[in-house]
Amino acid sequence: MSETETSEKPLTEAQKARIERNRAKALSLRQAKLVSHPYAMARKDVNTVESNKSVIKVQGTKYVDSGGGFLIEQPATTTMGTQVPQANAGGAPGSTDIPNLVDDAIHIPVKYDECLECGEMFADSFLMNNFSHSVCDKCRDPDGEHCLITRTEAKAEYLLKDCDFDKRDPPLRYISRKNPHNIRWGEMKLYLHSQVQKRALEVWGSEEELMKQHENRVEKREVGKIRKYNKQMKQLRMEVRSSLYTKETKAAHVHEYGEDTYNEEEDTYTHTCLTCNFTETYEKM
């Protein structure tokens, strides 16, 4: 037998079956990798089919959810130039169809607001997120028009009550911060100063009425101080010069004694008041 005839020896049935099993297993593994990879894409009939991984579109850019807590930016033109063989439903090889991957992209609408200061459109800002005040971060003035004020200061300056903050519609929005004077105290509630001013005008009607209420309270406070001072001075005069003040006192009782009783053993005399039964014992000299 020649050397060529020896190399072309036909395969046995067992060898053919083992080769088929290995091929089917390899195709199955390849198919699994294609479906699970976040960038898995293939081309069929000049149509791009995206992976069945979750794809999120934000402002025209696609991000793939890796499942590990972060997003991967997906390239716009990521394709595979060759067709990948795929096993049929029974697991047998021979089918070369590209799997149909479903595009489950989630479109998140972005809402833009117009800045009241510069008129530009913006999607996110500190004042909008915390106080629903349409001003962008570039135009925010934290030390002037858009400064914050505590609840205690707002109540003292604008004569507001708790119900004016929480019950009157719409309730004023605030942010909570740790008290800088003592961390063990309760958290401070910080309000937007301009919104507090607007609420004060709603409560009192006008700035003139608010100023009038301030003056009335100052006047009442001064009257209260004067009354307290006069009361203290009157009490002091009563303690120092009590003779200037007359007090009604009850007249002292005068005893009216009856007959005397003599005690020979002690050589004493005893008599009793006829009105209050007071008994007095004495000796006669």
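Start by selecting His 146, which sits in the loop between α3 (126–131) and β9 (148–150). Keep in mind as you go that this is a predicted model. Is His 146 buried or exposed? It counts as buried, because its relative accessibility is 1% and the cut-off for buried is under 20%. Now show its side chain: it reaches the backbone nitrogen of Asp 141 at 2.9 Å. Asp 141 is also among the residues that His 146 touches, beyond those up to four places away in sequence; the others are Glu 117, Leu 127, His 133, Val 135, Cys 139, Arg 140 and Leu 192.

Next, click on Cys 147, in the loop between α3 and β9. Cys 147 is buried too, because its relative accessible area is 17%. Not counting residues up to four places away in sequence, Cys 147 touches Asp 141, Pro 142, Tyr 191, Leu 192 and His 193. Pick out Tyr 191 from that group: Cys 147 and Tyr 191 are 44 residues apart in sequence, yet their C-alpha atoms are 8.6 Å apart in space.

Now zoom in on Trp 204. Leaving aside neighbours within four places in sequence, Trp 204 is in contact with Tyr 158, Leu 159, Leu 160, Glu 209, Leu 210, Gln 213 and Arg 217.

Time to look for pockets. Rolling a probe the size of a water molecule over the atoms shows where empty space is left. The largest pocket has a volume of about 220 Å³. To see part of its lining, select residues including Phe 131, Pro 170, Arg 173, Lys 198 and Glu 202. Which element gives the most to this lining? That is α6, with five residues. By class, the lining has four nonpolar, three polar and four charged residues.

Finish at the second largest pocket, of about 150 Å³. Its lining includes Tyr 158, Ala 200, Leu 210 and His 214. Two or more lining residues come from each of α4, α6 and α7 (207–240), and α7 gives the most, with four.

Conventions
Residues numbered from 1 in each chain as written. Predicted model: local features only at pLDDT ≥ 70, side-chain atom pairs only at ≥ 80, totals over all residues. Heavy atoms only, no water. Buried < 20%, exposed > 50% of the residue type's maximum accessible area, 1.4 Å probe, protein only. Polar contact = N/O pair within 3.5 Å; in protein donor to acceptor, adjacent residues only side chain to side chain. Contact = heavy atoms within 4.5 Å. 1 Å grid on protein atoms, 1.4 Å probe; cavity = no way out; pocket = protein on both sides within 12 Å on 5 of 7 lines; lining within 4 Å. Points joined across faces, edges and corners; volume = space filled by probe spheres on them. Nonpolar A, V, L, I, M, F, W, Y, C, P; charged D, E, K, R; others polar.
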